[in-house]
Each structure stands twice: as C-alpha cells, then as structure tokens.
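Me: I am new to reading protein models. Could you walk me through this one, a feature at a time?

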Amino acid sequence: MTEEYTGRVRITSPLTTAPAHVRRSVRQEINESTGIGEVYMRSLIRAQLRAALTVAATLALSIGALPLLFLAFDSFTEMHVFGVPVPWLILGVLVYPGLFALGWVYIRQVERAERDFTELVEPHGPDQS
Amino acid sequence: MNSTYGIVAVALVAVATLGIGAFGLRMSRTTSDFYVASRSVSPVWNSSAIGGEYLSAASFLGVAGLVLTHGADMLWYPIGWTTGYLLLLVFVAAPLRRSGAYTIPDFAQVRLQSMGVRTVASALVVAVGWLYLMPQFQGAGLTLRTVTGAPNWVGTVVVAVIVVVNVVSGGMRSITFVQAFQYWLKLTALLIPVFFLLHAWRGDGRPSPVAPEEWFQPFSQADGPGLYLTYSVMIATFLGTMGLPHVVVRFYTNPDGHAARRTTLIVLALLGTFYLLPTIYGVLGRIYARDLLDSGRADTVVLELPSRVIGGSTGELLAALLTAGAFAAFLSTSSGLTMSVAGVVGQGLARGRISTITALRVAAAGCVVVPLLLALSAERIAVASSVTFAFALAASTFCPLLVLGIWWRGLTARGAISGLIGGGLSAGVAAIITIGARPDGWFGVLMSQPAAWSVPIGFALMVGVSLATRSDVPANVSRTMVRLHTPERLDVDRRF
C-alpha cells in the first residue's frame, strides 16, 4: 500500500502579505524626507548656493578691490580716456553693465540647475506619479 | 526760479499719482489685492514699480549733491544701491518668493516657527521704515521751498498726506501702477534736461570743473578714514538693500520664483540706466553752481542747474520737469515704505476684531505720523547720508536673518532674535549718537558709518547663539527647505 510516486514537488510561499516591489519616485523620497530625498535636496541647494557665492566672490574681487587698486596705483587714477579720468569712467559708467552681465550669467546658471533637478524628479514631464 | 511752473508740475504729479491710485482701487477687492496685488504682476510692470519705489530722493537729488560736494568718492553710493540688487537676486529673490510669506516677519515666523522672532522683526521693520521716511519728508520740504519759496513744512506735510490717501485708498495694487509710472517719470525728468545742459556746456567752450585735487581723485590721502568709510558704505548698501521692507515686499507680488529673478534682472538694467545721470548733474554743478556748496544747499543742485545754465522759459520748463521728477521720487518711495510698514503693523492689529483692510488703513495713517514729526522737528542732514543709517540697520539685522534663514538649516529662533537685537542695537545706537552728538575723530567716523562693524556683529550673534542652541532647530526645517528651493512647477509636498 505505498502511495504512488508522482515526482518531486516544489513548495513555495505565494508571499501574499509582502509589499509588492514598486519603483519609488524621487518625488516620494523628497515628500517623505527620506535619506535619499535629503541627498537630492542638499545637492540642489548646494548648486544654487555655489552660483550665489560665485557672484559674491566676483563682486568682492572686482568692485571690492577697486578702492585698493586706486590707492595702490596713482598713475592709474591719473589716466584719461576721452578727456574723462579713468576712475570716473569706471565708477560712473562701466560698473553698471558689468553688474547686469553678472546677474544675467547667474540666472542662466541657476535656471539650468533647476531644470536639471526637475528632470531628475519628474523624468517624463509633470503629470505622472 | 519762476514758481508757477514748479507749482503746476508738483500739482500734476500729485493728481496723476492719486488718479492712477484711484484707477487701481477699482481693481482692488480682496485682502490679497491690498497686500501683494494678488501676486499677479508681470516682471516688466513689477520691475518698473521696483525702480520707481527704490529711486528715492537720495538718488534723484542726493547723489548729485554729494558728487558736487565731495567728488569721485561719492560714486560708491549709486554703485552700492545697484549692487545691493544683484546680491538680493543671488541670495534672496527666488527663495523669498517661494516661501509664500507676505513680509519679513512672516518669513521669520514661517522659517523659525516662533512668535518671538516675528515680534522683534516687526519692530525692526518699523524702525528701518521710519529712518528711511524721515529724510524723504525733509527732502520734499526742501524741494518745495526751492521751487516755490513756501516754508519747509508745507512740502513735508503735502507728501505725507498724499501718501496716506494713496495707501489707504488702494493698497498694493494701486501702488504698483503708481510706482511703475513714477520710474519712467523720474528717468525722463532727469534725462531730457541733460541733453540741454550738455549742449549749453559745449556752447560755453566745455569749461572744466573747478575743484581741489582730492575732488577728482578717489582716496587722495591714504592715511585718513577714507578707506574705512568707503568699505563701510559698500557693506551697508550691498547688504542693506535686501533687508529694506519696501524692497522685500515687492518680491511677493511676483507670480513665482522664476519671475522674481527676471524682475530683479530688469531692475538692474533700470537702475544702471538711471544712475548714469546724477553724476553728470554733480559735475556740471561744480562748474555752474559752486555757491550752493557755501550755502549748504548742495542737495538742490539738480533743481537749480537748468535756470542757471540755460535760463529763459526753456530753463524754467526743464526746472519744472525736474521738480516733477523729484516730487515723484518722494511720493513713490514714501508710498512704498508706508505700504510695507503698514502691512506689517496692520497684520499685528488684525489679530483683534477689526478686518484686515481696516487694520492696514489705520496702520498706514499711524506709521506716517512719527517720521512726519521727526522730519518737522529734527535738524536737516544730507538726504543721502541719513538714508545710509536705514541701510546699515537693515544690513545688520535682516540681511543675516534672510541669508542664514534661506541657506543654513542650523538657524534657531533664539539665534535669530539675538542677532536681530544685537545688530539692530549696534547700528541704531550709532545712528542716534551721530545725529544727536556728532562726535569727532575716529569714534565719530566709526559711528557715522557703522555697517563695517555692526553687520559682522549681527552675523556672529546669529551663528553663535544658533550653534549654542542647536537642539532648538525647528523640526520641519527639511520641509521648509523643500519649499524655499524647489521650482514651483515641481509637484512636491510644500506643506509645513
């Protein structure tokens, strides 16, 4: 009275209670302030801060250095271009387009950083989740 | 100077201001309209409005007066006022807009979750506003006296009344239109006479300015306080702009952070264009109006030049145009300041039973009274230099609050309060000592331009005390950072 041998049977658990494996989006990581979300946020903030500090350093080394430059080089302050003393030309005119250019370069830089970040969080446009 | 043209010019500006204000009133319906023009102002409108509001009497009259008196060294003031905007752009503009708050005290409360910080910041907004309003009112008195011969107090009171009527009636929305109009008025008023003046100057055989050597050269003496003063002015103006209440409140009227940046860039262009002009008036003043130096009325050089150099009815008309521009300068800056100070005070009042809009109106009237009394009673000091104290105070308090609050997670409420009080006391006491006692020597120099030492005090206290109270860092700081720094089009959770 032996049972009929039907071959080996593999018994596996269906794992019905375990969470299904879902790809988590960067947005979820950020919304839940997980470690990964924090890393993304810190990298964005660092990129923006770096751009801001670059502008500040450029200002310090250009406009900020002018008084010392005038002080150190007397001959420089006595030069004339079109009859106008060079310090007046720099301080009265040339500084302003320089400031605008700096602002323009900065905006290009941070807007690019923000675009890259958006791309990272929502790779296929804004409407999926 | 023929006073009829001048009076007509002043009356026209006043009527146009009130008229455009009334036009705005028809569109102001909600609280949000009142406080921030419902955050829907386009970058071009907004930047013209910022330019109109920012270019005060100190820019329109004061810079030319300073150049006339002191020469090349004074060119740092307009440079500083423009650079301040660049630093505002890179450190503050977009995150501040994204914070979603109405005012600096709102920002402080949102970021640090503390009513204490809010109260201290509100008090400082009022202090900076008063320091800035007083010279505007005094300058208005001076202008009207120069043009019409009326006593000083008339112009002061006229400006104060128009400002209150305007703010009370229309709020931020109407102010935006008024300010934008006034930028272009100010630029035109300064630009057109320059062509006539330069033409007359060439006709005279291009005479050179008559002045001592140090007028032409920046820092002719290396050992004096010149270098300290220059760097202190730089620090105050570079870092103070971002903390001026009427400047900051403008950023909340942008639709988003992206627009806030665009707006600031256009403002840089508008300011740079404008600041080319006052220097020309100052230099021409050295040639044609040196007696103003001796009579202590250098601030009026812009208004005096056309009748002296050109004369006749052309000269009178140009002088009237400049008067209109100067008057627009007082009105726009005072309106913007009153609006922002009243916004802060009004929010405090509205906690009671009165409605938000009533609170704003009551606060506007109240906020003008103190600087008005100060302007009427205090002795006159040069417009541009008294504005410097407002910049120094803002740079020592709100600059560290905004920069650290936006970029450093470690800021705590107690740290912020210590920095606001410490930096504020340093800059405030220096202003009181200088205006009240006028001390001599190096002590006087340090007190007259306090920013170089008071700004580091503000920053050091905020960082130091925050580090000492590290356990107080708000629990939701990560969420706040997400809100401040992510682009609006990203659909992430920004709740606090």
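Me: How much of chain A counts as buried?

Reply: A residue is buried if 20 or more other C-beta atoms lie within 10 Å of its own, exposed if 12 or fewer, and partly exposed in between, with C-beta atoms placed from the backbone. In chain A, 22% of the 129 residues count as buried. For chain B, with 496 residues, the figure is 61%. Please keep in mind that this is a predicted model, where local features need pLDDT of at least 70, side-chain atom pairs count only at pLDDT 80 or more, and totals for chains, interfaces and linings use all residues. Residues are numbered from 1 along each chain as its sequence is written, and chains are lettered from A, ligands numbered from 1, in the order in which they are written.

Me: What confidence does the predictor give to chain B?

Reply: Look at pLDDT, the predictor's confidence in each residue, from 0 to 100. Chain B has a mean pLDDT of 84, and 90% of its residues reach 70 or more. The model as a whole scores ipTM 0.88 and pTM 0.87.

Me: How many residues does each chain bring to the contact between them?

Reply: Two residues are in contact if their C-beta atoms, placed from the backbone, lie within 7 Å. Here 41 residues come from chain A and 39 residues from chain B. On the chain A side, H5(A) gives the largest share, 18 residues. To sort that side by class, count Ala, Val, Leu, Ile, Met, Phe, Trp, Tyr, Cys and Pro as nonpolar, Asp, Glu, Lys and Arg as charged, and the others, Gly among them, as polar. The side of chain A that touches chain B then has 29 nonpolar, eight polar and four charged residues.

Me: Which residues have the most contacts inside the largest nonpolar core?

Reply: In soluble globular proteins, nonpolar side chains tend to be buried together. A nonpolar core is a set of buried Ala, Val, Leu, Ile, Met, Phe, Trp, Tyr and Cys residues joined through C-beta atoms within 7 Å. The largest one here has 187 residues, and Val128(B), Ala395(B) and Ala416(B) have the most contacts inside it. Helix H16 (residues 312-349) of chain B gives the most to this core, 18 residues.

Me: At what angle do H5(B) and H22(B) pack?

Reply: Two packed helices are described by the angle between their axes and the distance between the axes. Axes are lines fitted to C-alpha atoms, for helices over the stretch in contact, and angles run from 0 to 180 degrees between N-to-C directions. Helix H5 (residues 76-99) and helix H22 (residues 477-485) of chain B pack at about 115 degrees, with axes 7 Å apart. Pro95(B), Arg98(B) and Ser99(B) meet Arg483(B), Leu484(B) and His485(B) there.

Me: Where is Gln113(B) found?

Reply: Find the loop between helix H6 (104-112) and helix H7 (115-148) of chain B; Gln113(B) is there. Its phi is near 55 degrees, a positive value in a residue other than glycine. Gln113(B) is partly exposed, because 17 other C-beta atoms lie within 10 Å.

Key. Helices (H or I, at least four residues) and strands (E, at least two) are DSSP runs, numbered from the N terminus.
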